[in-house]
Every structure is written in C-alpha cells, then in structure tokens.
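Student: Hi! Could you walk me through this structure? I'd like to ask things as we go.

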Amino acid sequence: VESSLPDCLHDHFNAEVVGGTVTSKQDAVDYLTWTYFFRRLVQNPTYYNLDSTDHDDINHFLSGLVENTLAELEDARCLEVNDDDTVTGLTL
C-alpha cells in the first residue's frame, strides 16, 4: 500500500501553515519526513519517480516537492512565501 499524500499535499501544507505547524520551507521538508509518504518513498522510490535513495537525492526530491507545492499555493493566493523562506497564510 503506497501513500496518497502527494496527491493532496496542497491541502495538507495549507492546513499546516494556517495551523502554525509549518512556518518555513524547511519546516515543510521536516514535516514530510514524519509521514508515511516518506517511509514509502525510501522503501519504494521508483513508485514516486525517485531514482535512488541516496541522502542527497531524497533531499533534492523533497525540496523540489516543497518548492513546487508552496509556489502553487502562493499562486492560488492561499499563502505567501517570504524572501527569507518563511511561509504565512493569507486571509480571504
């Protein structure tokens, strides 16, 4: 059984930013390392389009996932990514 978190990562990050759990890009990466998704990523990397389980490759993969997801949430005006890589939720 694989993780479905990548399919709904936007919702999770948005909730964690609003809730104050994720306040920076690094927090978002750290958040991912505590998930079932991370455990499955290491065990079955090809399922998630990761070429290897080398530490640098995993870090690059997670950082890219965070960058893309937060950028899409920022484009949707759900949150703001600041110059210092902190993240704040926006109100409607």
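Student: Let's start with Lys-25. Is Lys-25 buried or exposed?

Tutor: Keep in mind that this is a predicted model. Lys-25 has a relative accessibility of 16%, so Lys-25 counts as buried, the cut-off being under 20%.

Student: Okay, and where does Lys-25 sit?

Tutor: You'll find Lys-25 in helix α2.

Student: What does Lys-25 touch?

Tutor: Leaving out residues up to four places away in sequence, Lys-25 touches Val-66, Glu-67, Leu-70, Val-81, Asp-85 and Val-87.

Student: New topic: the largest nonpolar core. Which residues there touch the most other members?

Tutor: Those are Phe-13, Leu-32, Leu-41, Leu-62 and Leu-70, out of 22 residues in that core. The elements giving two or more residues to the core are α1 (9–19), α2 (25–33), α3 (36–43), α4 (55–75) and β1 (79–81).

Student: Which one gives the largest share?

Tutor: That's α4, with five residues. As general background, nonpolar side chains tend to be buried together in soluble globular proteins.

Student: Can we zoom in on Leu-41? What does Leu-41 touch?

Tutor: Not counting residues up to four places away in sequence, Leu-41 is in touch with Tyr-48, Leu-50, Ile-58, Phe-61 and Leu-62.

Student: Tell me about Tyr-48, then. Buried or exposed?

Tutor: Tyr-48 counts as buried, because its relative accessibility is 8%. Tyr-48 also belongs to one aromatic cluster with Phe-37 and Tyr-47.

Student: How many aromatic pairs does the structure hold?

Tutor: Three. One of them is Tyr-47 with Tyr-48, an edge-to-face pair with 4.9 Å centre to centre and 75° between the planes.

Student: Switching to helices: how do the axes of α1 and α4 cross?

Tutor: They cross at roughly 75° and come within 10 Å. The two helices are therefore roughly perpendicular to each other.

Student: Which residues make that contact?

Tutor: From α1 you have Leu-9, His-10, Phe-13 and Asn-14, and from α4 there are Leu-65, Val-66, Thr-69, Leu-70, Glu-72 and Leu-73. Sorted by type, the contact of α1 with α4 has six nonpolar, three polar and one charged residue.

Student: Last one: what about Glu-80, where is that?

Tutor: Glu-80 is in strand β1, and its relative accessible area of 36% makes Glu-80 partly exposed.

Student: And which residues does Glu-80 touch?

Tutor: Setting aside residues up to four places away in sequence, Glu-80 touches Glu-74, Thr-86, Val-87, Thr-88 and Leu-90. Glu-80 and Leu-90 are ten residues apart in sequence, with 6.8 Å from C-alpha to C-alpha.

Key. Residues are numbered from 1 along each chain as its sequence is written. This is a predicted model: local features need pLDDT of at least 70, side-chain atom pairs count only at pLDDT 80 or more; totals for chains, interfaces and linings use all residues. Side-chain values use heavy atoms; hydrogens and water are left out. A nonpolar core is a set of buried Ala, Val, Leu, Ile, Met, Phe, Trp, Tyr and Cys residues joined through side-chain atoms within 4.5 Å. Buried means under 20% relative accessible area, exposed over 50%, partly exposed in between (1.4 Å probe, protein chains only). Helices (H or I, at least four residues) and strands (E, at least two) are DSSP runs, numbered from the N terminus. Contact means heavy atoms within 4.5 Å. Rings of Phe, Tyr and Trp (its six-membered ring) pair if their centres lie within 6.5 Å; planes under 30 degrees apart count as stacked, over 60 as edge-to-face and the rest as tilted. Axes are lines fitted to C-alpha atoms, for helices over the stretch in contact, and angles run from 0 to 180 degrees between N-to-C directions. Angles under 35 degrees count as roughly parallel, over 145 as roughly antiparallel, 65 to 115 as roughly perpendicular and the rest as oblique. Ala, Val, Leu, Ile, Met, Phe, Trp, Tyr, Cys and Pro count as nonpolar, Asp, Glu, Lys and Arg as charged, and the others, Gly among them, as polar.
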